[in-house]
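Hi there,

Here is the structure I promised to pass on. Have a look at it first, and then read on for what turned up in it.

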Number of protein chains: 2
Amino acid sequence: MSEAATAVIAAARAARTAFEDLSNADPDVTDKALRDMAARLIGARSAVLAANGQDLDHAAAAGLTGAVVDRLRLGDERLAAMAGQLRALADAPAIERARAVRELPGGFRLEEHRRPVGVIGANFEARPNVVVDVASQLLKSGNAGVLRTGSAALRSAAALVDSVVTPALADAGLDPAAIQLVRAPGRDAAQELVRRPDLVPLVILRGSGESTRRLTEEAARAGVRTLAHADGGGVLYVDRSADRAAAFGVIESSLDRLGVCNRLNLLLVCADVWAEMIPEILALLARLGVTPSLPPHGHPRGHEWALDTGHEASVTVDTAAGPGEAARIANTETSGIAAAIVTEDRQAATTFLHTYRGTGAFWNTTTRLLDGFTLLGVPETGINVDHVPGPRGPVTYQDLYLRQFVVVPNGGSR
Amino acid sequence: MSEAATAVIAAARAARTAFEDLSNADPDVTDKALRDMAARLIGARSAVLAANGQDLDHAAAAGLTGAVVDRLRLGDERLAAMAGQLRALADAPAIERARAVRELPGGFRLEEHRRPVGVIGANFEARPNVVVDVASQLLKSGNAGVLRTGSAALRSAAALVDSVVTPALADAGLDPAAIQLVRAPGRDAAQELVRRPDLVPLVILRGSGESTRRLTEEAARAGVRTLAHADGGGVLYVDRSADRAAAFGVIESSLDRLGVCNRLNLLLVCADVWAEMIPEILALLARLGVTPSLPPHGHPRGHEWALDTGHEASVTVDTAAGPGEAARIANTETSGIAAAIVTEDRQAATTFLHTYRGTGAFWNTTTRLLDGFTLLGVPETGINVDHVPGPRGPVTYQDLYLRQFVVVPNGGSR
């Protein structure tokens, strides 16, 4: 058996044992552990930053630059932000674990319970802050976890687990093995993590792109469920009845970041107003430093610029006959993550919102809102774009549960 | 391409086109179509029973007997029951399509919407009544469907679709192609149905057993989600503090039918009261005509008698040290469909209910309650036993939706 397989299996088994303890924990105890992690992020600052320095040195030696190194780098500001997120999560409500459904004949009542899933896997690129982010959300939902990060961040991730997560769990009286880090480097570990449905039935795949797509497919073949979006790319349709200033405002706010999945990727303009509006739109894009790809296109209309290294600062621009056609283009030619319409015409908005089937449908505002924290006020575990019942769109810790039906005598109460 | 593949693809494409129409339908129109189907079940009685007679003749010629033929047979009583179910479903509430979540900054509000899935597949054994059962639930939830039944029921199924479902849809002004029947005989069609995630992302697999297990695995490999339970088998733990009469009552009511997945399959008796209780338990089983399999067992403790042709009238009996161990046995050695405890001791009940992780956990009542209609008062689409977020346990039409987040200006309303 490979080193990666051995490491994943050992981690999953340790997490499974710890889960029994975790699933019985009082939510207040878990929240205490999260607050303790926030404090330890500052208290263990030097150990964490030293490990991160080693990762950064190796990254420099390997010739890594730009956004990759930026994501890898920890510093006081990022540590403080991580601590703030931990405290916010500790303050967020626990999952409602039971609700009464109805009375049953014979003096019984039916309750619907939400149980932790058990061991949840998470795979993410070399971003050390995600270690704490994902670990805290799994703990908040009562789940144990097996985390796997890009090799470039392995020292930082290990320091965060060893100096922040594990001691905080132990101090709260929880089994410190509940959060496991796969310490075998290399992409093999990611593949092993999505191959073991009996040990890890659900894996969160953070980030878009080809490697996420391959892992999603590999997981499906093995019978492992994933929460993932290999593709992103927001769609914006500017209707003939759009307020012009509103349209320009939404375009600009949809392009404030270019490397994220919910940014504007495909801009559709109503054919009736194309000639009138396109000069101002092109001027706006030029001012934002974004290159328009105008028809006829030499690429699929849904081509995702955020994943096209070196061409991130591009937007595909095209016409659409009306709100129905625009929504159908978004449905059939894009990932289905989010689409927006700008219009003053309620009927046009209704047609667009009703026809579009992606995970987020927005009127007169930006697809950049498609984010768990922005929409729901709690951190986002990941985004899921599949087309079946279950958590879809921004997934939060509130979604990480199993449904169970419980029948008890009316006099009896758990 | 095989005949089966061609048939499945054509059916799925036809259903997809019809879905666009269906997803815009007013729930009252769908309910009207369901009531019309109930009337047509009686009105088209002779055509349906004639087709069923042909199926029965072929089954007899093929040497089929017993339960298989019983399930295949339609008659006035069964037609009346099917009509009653259709009317009850028409009276059941529509899926709540939108709920307000919270206000967002800038004068917007977030809504969570429930959208139909699209085209849902369903595979079931040669039981003609399931055609109407599944079709009606898919329509009630706004979904289109591709149905595939065992070849022995194909004439009956076609008659029900052609004389009952399709004309009722057309009369209600809905696209009659919304419910498709795969008319290619043979098991190939079932395999083709679970291989096409782009056309049929979700397939309901009715019934337990080896063929369901194989289809579940095949679907997973292809990236198709299933709602299925290959295995069933209820567990009952009789605690030391059980009321004796209650225990015998629950045992008896758990064995009223032997071919169903939620029947008593494994009876665990607290070791402290084993010697005292086992004579009466054996006498009860003898009176019910059920053979106990006593320890030491020559089979796995979770062996499912309902699927063991010729040995259905058996129950595995064993000891358990207490409620925690009983629940752990149920967790690790059975399908996880449902388990019950009989006890007067609240602490024992709490331990058992909290430890057991299957889809239904019951106190002082029978696992036979694990059924969508019994628990929730609406027909059951199927039972799903996987261990990930999403519909789990008895699934009803209320579960057959996609989550979508919608943001609209506060003044705007769809």
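This is a predicted model: local features need pLDDT of at least 70, side-chain atom pairs count only at pLDDT 80 or more; totals for chains, interfaces and linings use all residues.

In chain B, Pro296(B) sits in the loop between β10 (291-293) and β11 (314-320). The peptide bond that leads from Pro295(B) to Pro296(B) is cis, and its omega is near 0°. Chain A has a cis peptide bond too, between Pro295(A) and Pro296(A), with omega about 0°. Pro296(A) belongs to the loop between β10 (291-293) and β11 (314-320) of chain A. For context, most peptide bonds are trans, and most residues other than glycine have a negative phi. You will find Asn364(A) in the loop between β13 and α14 (372-376) of chain A.

Now to the place where the chains meet. How many residues does each chain bring to the contact? Chain A supplies 64 residues and chain B supplies 64 residues. Together the two chains bury about 5400 Å², and 53% of that area is on carbon and sulfur atoms.

On the polar side, there are 36 residue pairs in polar contact between chain A and chain B, counting pairs with both residues at pLDDT 80 or more. The side of chain A that touches chain B is made up of 32 nonpolar, 20 polar and 12 charged residues. Strand β16 (residues 401-409) of chain A contributes the most to that side, with 9 residues. The salt bridges between the two chains number 4. One of them links Asp386(A) to Arg225(B), with the closest N and O atoms 2.8 Å apart.

Strands also pair across the contact. Strand β13 (residues 360-363) of chain A runs parallel to strand β16 (residues 401-409) of chain B, and 3 bridges join them. Within β16(B), Phe405(B) is the residue opposite Gly360(A).

Finally, how are the two copies arranged?

Best wishes

Methods. Residues are numbered from 1 along each chain as its sequence is written. Chains are lettered from A and ligands numbered from 1 in the order in which they are written. Side-chain values use heavy atoms; hydrogens and water are left out. Contact means heavy atoms within 4.5 Å. Buried area is the accessible area (1.4 Å probe) that two parts lose on being put together, summed over both. A salt bridge is a side-chain nitrogen of Lys or Arg within 4 Å of a carboxyl oxygen of Asp or Glu. A polar contact is a pair of N or O atoms within 3.5 Å; within protein, one must be able to donate a hydrogen and the other to accept it, and residues adjacent in sequence count only if both atoms are side-chain atoms. Helices (H or I, at least four residues) and strands (E, at least two) are DSSP runs, numbered from the N terminus. Ala, Val, Leu, Ile, Met, Phe, Trp, Tyr, Cys and Pro count as nonpolar, Asp, Glu, Lys and Arg as charged, and the others, Gly among them, as polar. Two strands pair if DSSP finds at least two bridges between them.
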